Amino acid sequence: MPHTKSHTTLQVSASGALGPLTPEEALLFEKLDLGRLPRHVAVIMDGNGRWAQQRHLPRVAGHRSGTKTARSTIETCARLKIEALTLYAFSVENWRRPKAEIDFLMQLLREYLRKEMPLLQKNNIRMRFLGRTDELPKGVQDDVRDAMERTAENKGMVLCVALNYGGRAEIVDAINGILSEQNGNAGRFAITEETLAQHMYTSGLPDPDLLIRTSGEMRVSNFLLWQIAYAEIFVTETLWPEFSRARLLEALVEYQKRERRYGGIREGQTDTAAAARVVGE
Ligand code: FPP
């Protein structure tokens, strides 16, 4: 059948884009419907500290190992042609950590941006940073600006790194942005969901369809509060440094099993006759 044939060709060429697959990855990949992938995947990369602790290593070793997972996740999503990937790298609350750990994380990010630039370019990835980046150390700000400028013309996946990010801070910033635009405007104005969305750090991007959180905590942790209104949430016990490509494919397969109703009801489930009986017809 021509339909089956073209579907098979698509599967084969896409799995080729991922490079050689392990038997486990191949099995998961076969279950994926490439026509129904999430447009935007957001990730709370949690568990670096615990991963290190389990190995009697300093916490920072967990963060370093976590960058390898970030690399494979970024590359896999880009090759699957997912439109946007957002990684939660540093929250506004993370300033409460010991200074040495904060300094290490900032250095790691700078190193990452320098070292991974060829990979980002090769995969046609455009970088954005979500958060109050103007409060970051000067060197980090320079590297962030440089990474955005160098990838600005890329047309593939948008990679957002949430840095000094807080969901509540973002909403406050969006409202202040709207108010400053309205300055001097004597007329009355109303804020709509659209205006607010346009002033979020993520303006122009689709809302995440899938939110992944590693290491088992059942929390949203002030991440993309506005944008995840209808996201499917996938929580795995796997610690971030161990979140391999197979685990990512597993999350995507799981996402495709979910039925997204956006507050409506399942297709074909209207029962007008029963409803009429209930209201006493
Ligand atoms: C959470 O683990 C992780 C972070 C706060 C930092 C995430 C940063 C990276 C993975 C590295 C850099 C990222 C990029 C995008 C290059 P945790 O320390 O809270 O772990 P724990 O809950 O086990 O203590």
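Two strands pair if DSSP finds at least two bridges between them. Helices (H or I, at least four residues) and strands (E, at least two) are themselves DSSP runs, numbered from the N terminus. What you have above is a predicted model, in which local features need pLDDT of at least 70 and side-chain atom pairs count only at pLDDT 80 or more, while totals for chains, interfaces and linings use all residues. Residues are numbered from 1 along each chain as its sequence is written.

Let's start with the sheet. Strand E1 (residues 40-44) pairs with E2 in the parallel sense, over 5 bridges; Val 43 has Leu 87 of E2 as its bridge partner. Together, 6 strands form an open sheet with parallel pairing, in the order E3-E4-E2-E1-E5-E6. Strand E3 (126-130) and strand E6 (232-235) stand at the edges with a single partner strand each, so one side of each has no neighbour in the sheet. From one strand to the next, the twist averages 20° (angles run from 0 to 180 degrees between N-to-C directions, and axes are lines fitted to C-alpha atoms, for helices over the stretch in contact).

Helix H9 packs on this sheet, touching strand E5 (210-213) and E6, and its direction makes about 140° with that of E6. Contact here requires that the C-beta atoms of two residues, placed from the backbone, lie within 7 Å.

H9 (residues 245-257) also packs with helix H2 (residues 23-31), at an angle of about 20° and with the axes 9 Å apart. The contact is made by Glu 24, Glu 25, Leu 28, Phe 29 and Lys 31 of H2 with Arg 245, Ala 246, Leu 249, Glu 250 and Val 253 of H9.

Another helix pair is H4 and H5, whose axes lie 11 Å apart at an angle of about 30°, which makes H4 roughly parallel to H5. Among the residues that meet here are His 63 and Arg 64 in H4 and Phe 104 and Tyr 112 in H5.

Tyr 112 leads us on to the ligand. It is one of the closest of the 20 residues that surround the ligand, along with Asn 48, Gly 49, Arg 50 and Gly 66 (a residue is near a molecule or strand if its C-beta atom, placed from the backbone, lies within 6 Å of it). Helix H3 (48-54), helix H4 (59-79), strand E2 (84-91) and helix H5 (99-122) each supply at least two residues of this shell.

How values were computed
Angles under 35 degrees count as roughly parallel, over 145 as roughly antiparallel, 65 to 115 as roughly perpendicular and the rest as oblique.
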